[in-house]
Amino acid sequence: GAAHAVACANGTAALHLAALALELGPGDHVVVPTITFLATANAVRFVGAEVIFADVDPETGLMGTEELSAVLAANRDKNIRAVFPVHMAGRPANSENVSTVARAAGLAIVEDACHALGTRYQTGDGWVSAGGCSHADMAAFSFHPVKTIASGEGGMVTTNDASLAV
C-alpha cells in the first residue's frame, strides 16, 4: 500500500536503511519496544544512536500509547528523534494511536513490519495494511523463511515520502 519500496538483503538491512534515511546518529535516541527481535534495536545502534526500550502491553505484547507516553515522559532530557513500533507475529501494533503520540512529540516513525507482511488493521478511516505507511514515515519488511511470506531471504523498506526512497 505504500507509494515507494526499496528492496534490500534482509529485514535487518531494511531497518538499518530506514535509520540511515532518517539520518539518525550519535546523540540521537530511538524508542524500541522491549519485545522484538534484536534487529530492531541493532539498526539503531548500527548508526550510532542510542536505544530507549519501552515496555509493552502485557496482554498484546506490543508497545502502545501508554508505554510510549511513559518512556517519553521519563526521558525528556534526551534527544529522542524516532520510534520503531513493532508488529509482532502477525499482530499489528496500534499504529494510528502510536502515531498520534509520536507526532505530538515530533518523532519520526519506522514500523518494524518484518512479522506482519499481509497484516491489516482497522482505523477510523477503515482497514489499512501494516507497512503501508499510513501512520509511519517508513516500514521494514523481511522475507526470511520463517516469515508469513518468504522468498528464501530479502527485505524491503516502504514509504510514501519520495525523499526517503532515494
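Is Arg103 buried, partly exposed or exposed? Arg103 comes out partly exposed, because its relative accessibility is 38% (buried is under 20% relative accessible area, exposed over 50%, partly exposed in between, with a 1.4 Å probe and protein chains only). Some notes on the rest follow.

1. Ground rules. This is a predicted model, where local features need pLDDT of at least 70 and side-chain atom pairs count only at pLDDT 80 or more, while totals for chains, interfaces and linings use all residues. Residues are numbered from 1 along each chain as its sequence is written, and side-chain values use heavy atoms, with hydrogens and water left out.

2. Arg103 and its partner. Arg103 makes a salt bridge with Asp137, with 3.0 Å between the closest N and O atoms (a side-chain nitrogen of Lys or Arg within 4 Å of a carboxyl oxygen of Asp or Glu). The pair ties together distant parts of the chain, 34 residues apart: Arg103 sits in helix 4 (residues 95-104) and Asp137 in the loop between strand 7 (126-129) and strand 8. Helices (H or I, at least four residues) and strands (E, at least two) are DSSP runs numbered from the N terminus. Asp137 counts as buried because its relative accessibility is 19%.

3. The other bridges. The structure has 3 salt bridges. Arg81 and Asp28 meet at 2.8 Å, N to O, and they are 53 residues apart, with Arg81 in strand 4 (residues 80-83) and Asp28 in the loop between helix 1 and strand 2 (29-33). Asp28 is buried at 8%, whereas Arg81 is partly exposed at 28%. Arg45 and Glu50 pair at 3.3 Å, N to O; Arg45 is partly exposed at 41%, and so is Glu50 at 37%.

4. Cavity. There is 1 cavity of 30 Å³ or more. On a 1 Å grid over the protein atoms alone, a cavity is a set of points where a 1.4 Å probe fits but cannot get out, and lining residues have an atom within 4 Å of a point. The lining consists of His4, Ala5, Val6, Val157, Thr158, Thr159, Leu164 and Ala165. Strand 1 (4-8) and strand 9 (155-159) are the elements giving two or more residues to that lining.

5. Ala140. This residue belongs to strand 8 (residues 138-142) and is buried, with a relative accessible area of 0%. Ala140 and Ala18 are 122 residues apart in sequence, yet 7.6 Å apart in space, C-alpha to C-alpha.

Methods. 1 Å grid on protein atoms, 1.4 Å probe; cavity = no way out; pocket = protein on both sides within 12 Å on 5 of 7 lines; lining within 4 Å. Points joined across faces, edges and corners; volume = space filled by probe spheres on them.
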